[in-house]
Amino acid sequence: MSEGPRGPWHPVREAFTAHGRAVVHSRWREWLPAGPGGHAVKLGHAVALGPAARGMLDDHDRRRLRTLPRPAARARFLASRLLLKHLVAAVTDTLPAAVCLAYEPGGRPYVAHPAAPGLEVSLSHTGDLLVAAVSRCGRIGVDVEPAGRPMRYADVGRRLCAPAEHAALAPLAEPERARALLRLWTLKEAYTKALGQGMRLAFAEFEFEAAVSRGGWRCAVSEVRGPFSPVFSPGGHLVSAVWRQHGCSVGGFGRELVEWPRRFGNNRMRADGGG
């Protein structure tokens, strides 16, 4: 798939034009060559990463790809970069192969391209699902987790929650508290990605709502349902986005995701307004 998915990318461009942001998600295997008989490759199976696909990577990513020992990890890594390059190309009206990705010292990706000054990007994946985001309004971070991921307060509360969050979550009964913990986890993960800190910033050291409200941030959580990683998450996935709000409109990301089910290449993508 040297050309990657062929469209339609116009819903993504429309969302970006209207709101200054776009968030897309897709299955990683849809971005790679099909297995024997044209069937999609299975997670964990060896994947033939052809020279055309590898040629889409920048030097840093090619080096990183060679360090990944497992075929599935290499496939996810390659697919995530292809998705991000196509997303940036769609909103900047350029070719995916011309999109150059670079990295901050902490590993946060950014676009090093004259056609994308100030463009911010973020990536996340879990199991079979990839999520990519782009914003022209300031920093953005995304995180995705299986909606059915076990979250026991006794296990994660100490390293996840600030005192005010402990007070809010402690009275809740299960499974309501587990859902609240998972939502908070994805939001903090997305926020620290937007800051370029990732897991280096201890989640229990800041209260999410207070931090984002003081810094002019906005956030939203949506549930993605579909045939993504059914082994890990029969109920779907939670996708959280956190972004700086600098004069861009608020779109519909916090509402129900809109699906464009038309096929492009062998890929099915959803896109939303990112607001």
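Student: At what angle do helix α3 and helix α4 pack, and how far apart are their axes?

Tutor: This is a predicted model. In it, α3 (residues 59-67) and α4 (residues 71-92) pack at about 165 degrees, with axes 9 Å apart. Angles over 145 degrees count as roughly antiparallel. Therefore α3 is roughly antiparallel to α4.

Student: Which residues make the contact?

Tutor: From α3, Asp61, Arg64 and Leu65 take part. From α4, the residues are Arg74, Phe77 and Arg81. By class, that contact has 4 charged residues, 2 nonpolar and no polar.

Student: What is the handedness of the crossing between α3 and α4?

Tutor: Right-handed.

Student: Let us stay in α4. Is Ala79 buried or exposed?

Tutor: The cut-off for buried is under 20% relative accessible area. Ala79, which lies in α4, has 0% relative accessibility, so Ala79 counts as buried.

Student: Which residues does Ala79 contact, beyond its neighbours within four places in sequence?

Tutor: Trp28, Trp31, Leu32 and Leu130. Take Leu130: in sequence, Ala79 and Leu130 are 51 residues apart. In space, their C-alpha atoms are 8.2 Å apart.

Student: Now the sheet. In what order do the strands run?

Tutor: The order is β6-β8-β7, in an open sheet of 3 strands with antiparallel pairing. The edge strands are β6 and β7 (217-224), each pairing on one side only. On average, neighbouring strands are turned by 15 degrees against each other, direction ignored.

Student: How many bridges join β6 to β8?

Tutor: There are 7, and β6 runs antiparallel to β8 (residues 237-244).

Student: How should I read the side chains of a strand?

Tutor: Start with the general idea. In a regular strand, side chains alternate between the two faces of the sheet. Now the case here. Ile140, Val142, Val144 and Pro146 point one way from β6. Gly141, Asp143 and Glu145 point the other way.

Student: How many residues of β6 are buried?

Tutor: In β6 (residues 140-146), 7 of 7 residues are buried, so read with the cut-off of under 20%, the strand is mostly covered. That includes Asp143 and Glu145, which are buried too.

Student: Which strands does helix α7 lie across?

Tutor: α7 (residues 176-195) lies across β6, β7 and β8. Against β6, α7 runs at about 145 degrees.

Terms used
Residues are numbered from 1 along each chain as its sequence is written. This is a predicted model: local features need pLDDT of at least 70, side-chain atom pairs count only at pLDDT 80 or more; totals for chains, interfaces and linings use all residues. Side-chain values use heavy atoms; hydrogens and water are left out. Buried means under 20% relative accessible area, exposed over 50%, partly exposed in between (1.4 Å probe, protein chains only). Helices (H or I, at least four residues) and strands (E, at least two) are DSSP runs, numbered from the N terminus. Two strands pair if DSSP finds at least two bridges between them. Axes are lines fitted to C-alpha atoms, for helices over the stretch in contact, and angles run from 0 to 180 degrees between N-to-C directions. Angles under 35 degrees count as roughly parallel, over 145 as roughly antiparallel, 65 to 115 as roughly perpendicular and the rest as oblique. A crossing is left-handed if the near helix is turned anticlockwise from the far one by less than a right angle, and right-handed if clockwise. Contact means heavy atoms within 4.5 Å. Ala, Val, Leu, Ile, Met, Phe, Trp, Tyr, Cys and Pro count as nonpolar, Asp, Glu, Lys and Arg as charged, and the others, Gly among them, as polar.
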